[in-house]
Amino acid sequence: MSILFSPIAIGPLTLANRIVVPPMCMYSATTDGHATDWHLQHYGSLALSGSGLIIVEASAVAPEGRISNRDLGLWSDAAAASMADVLKRIRAFSDTPLAVQLGHAGRKGGRDGISDDTLPPERGGWELVAPSALCYGGAFPQPKALDAAGIRRVVDAFAAAAARADAAGYDAVEIHAAHGYLLHQFLSPISNKRDDEYGGSFENRIRLPLAVFTAVREAFPKSKPVGIRISGSDWVEGGWNVDESIRFARELDRLGCAYIHVSGGGLSLDQTLHVGPGYQIGMAAQIKQAVAMPVIGVGLITEPAQAETIVRAGMTDMVAIGRGILFNPRWPWKAAADLGVSIRGPIQYVRSRPHGSPNLFIKE
């Protein structure tokens, strides 16, 4: 029997299987953060994939927290309503749980969603904020260091976005503390050079991310899970590392975090990593040994047998299939066929099953 296709609970939400579609930015929203027809097409397609959970791309909690001017937003009721309509239309044909990732880009924001160029003020650019006035590098401008009032606004923005996510109909929330964005910037000693209660020691550097988690957990219904995504390592000497990730994960576990999604890097242009199949699973496995909450692993997981082995060996509880599911939005169908299990699918597509898999589909 396949463990990849066995159910799992993340807090109060039970998933049909352990295949997760991770958040992947589409840069296709309007400039005021509203969803478009692309999001209906994109997430509607993924909702028929057979995955256990779909996490909608990073949605900015504030206009100045956008990665680009084409990011989805949850900083306004109108932006939330645009995605609520998408969710309502998807749920007319799929009951796959849909989560959303709440994010703030910090010093890695202010990009043009089409060209990826830096946006100057005359083209709608905005001032970037960060823990410290340190530029990410390249063409990114120098950010402004957040003061105490600015930090409070960040916490409040995450909480307000979580409430809007609930109103929009999302089943879960994931806090983005990975890939060099604002919360990761506070975690890492490379980007956080503060000398107040938010910088310096490990305990100080995790203070804002923990405050954000607590505020989101309070704003989002207890009947729905709140998880988090982290970079397990900066892959830079002297940066955030796996040992600190384990300590941080234990604190989140204690606060009732529903799951932790372990990715890596993104904070520094100096990062050195060796990419290969499952290259980030080792970090996730170490964190899994230290916490009670479920762990999602990600990173060049491309083959069903590989995914099955990772979960069966207890390295992670779930696997996230990103680029692979963009290329093949029916990746879970293939995995089910390869592993000899049945999977729910739309009756309209039942005739597509391979000849060698007569019992592939359980009709909706």
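The largest pocket holds about 820 Å³ of space, and this is a predicted model. A search of the whole structure also turns up two cavities of 30 Å³ or more.

**Largest pocket**
- Its lining takes in 34 residues, and Met 24, His 179, Arg 229, Ser 263 and Arg 323 sit nearest the centre.
- By type, the lining splits into 19 nonpolar, 13 polar and two charged residues.
- Helix H10 (residues 323–327) gives the most to this lining, with three residues.

**Cavities**
- The largest cavity has about 60 Å³ of space.
- Around the largest cavity you'll find Ala 58, Ser 59, Ala 60, Gly 65, Ile 67, Asp 71, Gly 103, His 104, Ala 105, His 176 and Tyr 181.
- That lining comes out as five nonpolar, five polar and one charged residue, and strand E4 (residues 53–60) gives the most, with three residues.
- The second largest cavity has a volume of about 40 Å³.
- Gly 33, Ser 59, Leu 72, Gly 73, Leu 74, Ala 79, Met 83 and Tyr 170 line the second largest cavity, with strand E5 (72–73) and helix H2 (77–90) being the elements that give two or more residues.

**Asp 112**
- Look for Asp 112 in the loop between strand E6 (98–103) and strand E7 (129–130).
- Asp 112 counts as buried because its relative accessible area is 12%, under the 20% cut-off.
- Leaving aside residues up to four places away in sequence, Asp 112 touches Ser 68, Asn 69, Asp 117, Leu 119 and Arg 123.
- A polar atom of the Asp 112 side chain lies 2.7 Å from the backbone nitrogen of Ile 114, and the backbone nitrogen of Ser 115 lies 3.0 Å from a polar atom of that side chain.
- Asp 112 and Arg 250 are 138 residues apart in sequence, and their C-alpha atoms are 37 Å apart in space.

How values were computed: Residues are numbered from 1 along each chain as its sequence is written. This is a predicted model: local features need pLDDT of at least 70, side-chain atom pairs count only at pLDDT 80 or more; totals for chains, interfaces and linings use all residues. Side-chain values use heavy atoms; hydrogens and water are left out. On a 1 Å grid over the protein atoms alone, a cavity is a set of points where a 1.4 Å probe fits but cannot get out, and a pocket is an open set with protein on both sides within 12 Å along at least five of seven lines; lining residues have an atom within 4 Å of a point. Grid points are joined across faces, edges and corners, and a volume is the space filled by probe spheres set on the points. Helices (H or I, at least four residues) and strands (E, at least two) are DSSP runs, numbered from the N terminus. Ala, Val, Leu, Ile, Met, Phe, Trp, Tyr, Cys and Pro count as nonpolar, Asp, Glu, Lys and Arg as charged, and the others, Gly among them, as polar. Buried means under 20% relative accessible area, exposed over 50%, partly exposed in between (1.4 Å probe, protein chains only). Contact means heavy atoms within 4.5 Å. A polar contact is a pair of N or O atoms within 3.5 Å; within protein, one must be able to donate a hydrogen and the other to accept it, and residues adjacent in sequence count only if both atoms are side-chain atoms.
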